[in-house]
Amino acid sequence: MKETTSQQFSSASPSCCPQGSVADAPLAEALSCSELEESREMEKNGVLTAELVSSCVTQLGRFGTGLQHLYHHLSLPSHNLCDISVLCKYVHLQKLEVPHNKIKDLSCVSNMPYLVILDASHNEISNFFGFQPPKNLKEVNFSHNRMTKMKDLSAYSSLSKLDLDYNSFKEIIGLEQCCKLTHLSLANNKISRISGLDSLLLTHLSLRGNQLERIEGLENLRSLQVLDLSLNRITSLSGLQNLHLLGSINLEKNLITEIQECKHIHDLLLLRDLNLLGNPVQEQQDYRLSVVFLLQHLTVLDQEKVTPEEKVSSVNKYDPPMDVVAARNHMTHLVYQLMQPQILYDSTLPSADSPYPMLVLTGPQGCGKRELAHRLCQELSEYFAYGTCHTTRGPYFGEENGIDYHFVSEEDFQHMIHMGKFIQTMPYGGHSYGLTRDAIEDVAREGLACCVHMELEGVFSLKNSYFEPRFILLIPTQVEKYKGHLKSRGLYTPAQIDIAVSRIELYANTNRQRPGFFDNVIPSDDWEEAYQTLKQVVKEYLLLADQEGENNRASPDNTSTASSHEPEEKPPSPSSRSGSRTLTSHSAKTLDPSDSSYRNYFTKIQAELSPQKNTAELASIRRREQLVREAIVGKSPGVYSQLFKSSPQTAPSSLQHHDAGTHFSEDSSSDESCASSALSVPSSAGALSGLVEPLDISLLGHALETPKDQNHNDPHPDTDRLAAVVSPSSDRRPGSNIKPVLPPIPTGRKTPAAPSPAPSPRPSPKAAVTEGDKR
């Protein structure tokens, strides 16, 4: 059927019914032999004949009323054609493809009003659009021709795709009215400047292989999605920053030398593919990681997929989160410290529950943290001493070496790092800052808590160490006042001031996003007010503000049980209410940090600062203590007697006095009385009565300091005294430990003589051994 129709299509007359009609074409057999030979001769000379057309048409379709059938597509590639004037008769063609020929004239296209697609690439055409515009022409390919100049294409209003690659155009003109043009390719021409594209709605633009030196004239192409500027002489990416729909940029083989040029396209959030192959910038160190860091949304760089690992590595390298910086910093200093001889530090306390106390003031530069730290250490010198940090910057006016900072060179600073001297370091403002182990140990050796100040990065690093400081944030709330203060000091450049002001938001965000990161936040707009607030906060940490009231409330609670058996005895003093001179660290006197017996933080707090209890709690405590006494004297053997008999230690001397109305069995008095001093009894009103907590090992250590050669001859120790030996944890009630308390301030290694014990109302035949004799 196609063969018959093609023959009819080739011999149809233009004056007859529409070309390609089946009804009016003469039979193929009517052609004479001479006509066939003439047709073959014309084809050899590059002239298109009807016979060749009939063999190359495709896409049969209906036309007009639907009763006629016509071929709409004609493809004649690589036929060595130079004359296609015969196509003037084929007015109903919609797609014409004549690539890779020698065609110079396309005037026949003027007779194809229905033409939509025209491909005349790889020919010898020199006349730019040398035909009358078909009304519906949308796609034109004139690549690889000999065109040199563009002309006005305002008549081609339907044109949407234009390919003009490999011609000799020097400038872009005549496209202003092509309002539907979306794809434009002018690759491998001689264009040196981008122009004439402002009014277009281009989505794809190729200017590959031209003579461009900079990117310009693209500012208004807001719809552009794909841009190819490869094989030019471009040195900067400036001019692309407003093209927010760009998804692909090809800049291969240009002259881009700086990685920082990528900042111009940093805000193009839809950019996924970037090609910088063949640019000098690739020779820079860590080029790929740098570009990936600047353009985090890329998925393909230089024709290689960007992996998630590369994105994470780039962030950790160039802008790591503070947690990562702190972890690296801690790891570095820990490794260097482990390479040094290991010693027992003065800041090491005997109990894991008692970390060395530190106070850290932090805030933006110039917020007053250093001044307030010095003042606090002066006014609370019995508790705190200033920890002097090291820095590589020079001293400001009024600063003294060894007091405000230890000013060292960068070389010395790095040497100290390698020697494991630092606990934490941080760079700031082009200089290095660090807190050394010696700065803390010098303070701890004096039996005081260390007070230091540092920036936020140092806080993150210090939180990775085994120290557990109190962190207090001093933050300005009035930015203009803060800026004025920095300017008035005359120590900072405008750039430093801007950085300091910008870091206020960093501190605020950290406090907002990390609840509990700082123990307290104090506005620092007024330094005097800030100091008074800071001083009050520190006193609350130390329990100095309400110490007197707590002691007054604690005394009646502890005397109630002891007076039940000896009403004539005076209420025990704070120094003796624990029932043993070996437990003097639980007395109110040991709030003074100069007391050498002060070691266990929780025990001391429970004993000296117990809150006042109600009647129900007191009754519960009495019942539990009575059960303990009964267990000790053997009235209720069970688990209590078995527990105490397992201890081989002797009783403290202060527990060996007896009462006439109370008796112990001779063979169990020493063991049970010793163990009773370490017993801890819960006081919660809701707990099951009659149950006791396990032994408090820390208390047991204090109670067993009495030497074994003490007098054990008296078989009747005073049972009323045993009530006072019960661990101070029995005075606690639910929720009593919620209030934050600063960890204990350790004493120095030199221990003063311990106070002599209070006289016993009923002394034993042999005098008690003093603490000095025991040593």
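In this predicted model, Glu-528 and Arg-375 form a salt bridge, in which the closest N and O atoms are 2.9 Å apart. Because Glu-528 belongs to helix α13 (residues 527–542) and Arg-375 to helix α7 (residues 369–379), the pair ties together parts that are 153 residues apart in sequence. Side chains of opposite charge can pair when their charged atoms come close. Across the whole structure, a search finds 23 salt bridges.

The packing of helices may be considered next. Two packed helices are described by the angle between their axes and the distance between the axes. Helix α4 (residues 287–294) packs against helix α5 (residues 308–318) at an angle of about 90°, and their axes are 8 Å apart. Since angles of 65 to 115 degrees count as roughly perpendicular, α4 is roughly perpendicular to α5. From α4, the residues in contact are Arg-288, Leu-289, Ser-290, Val-292 and Phe-293; they meet Glu-310, Lys-311, Ser-313, Ser-314, Val-315, Lys-317 and Tyr-318 in α5. This contact comprises five nonpolar, three polar and four charged residues.

On the surface, Met-331, Val-335 and Met-339 form a nonpolar patch, with about 320 Å² of accessible area together.

Technical notes: Residues are numbered from 1 along each chain as its sequence is written. This is a predicted model: local features need pLDDT of at least 70, side-chain atom pairs count only at pLDDT 80 or more; totals for chains, interfaces and linings use all residues. Side-chain values use heavy atoms; hydrogens and water are left out. Patches are made of residues with over 30% relative accessible area and no salt bridge: like charges are joined within 9 Å, nonpolar side chains (Val, Leu, Ile, Met, Phe, Trp, Tyr) within 5 Å. Accessible areas come from the Shrake-Rupley method with a 1.4 Å probe; for residues, only the protein chains shown count as cover. A salt bridge is a side-chain nitrogen of Lys or Arg within 4 Å of a carboxyl oxygen of Asp or Glu. Axes are lines fitted to C-alpha atoms, for helices over the stretch in contact, and angles run from 0 to 180 degrees between N-to-C directions. Helices (H or I, at least four residues) and strands (E, at least two) are DSSP runs, numbered from the N terminus. Angles under 35 degrees count as roughly parallel, over 145 as roughly antiparallel, 65 to 115 as roughly perpendicular and the rest as oblique. Contact means heavy atoms within 4.5 Å. Ala, Val, Leu, Ile, Met, Phe, Trp, Tyr, Cys and Pro count as nonpolar, Asp, Glu, Lys and Arg as charged, and the others, Gly among them, as polar.
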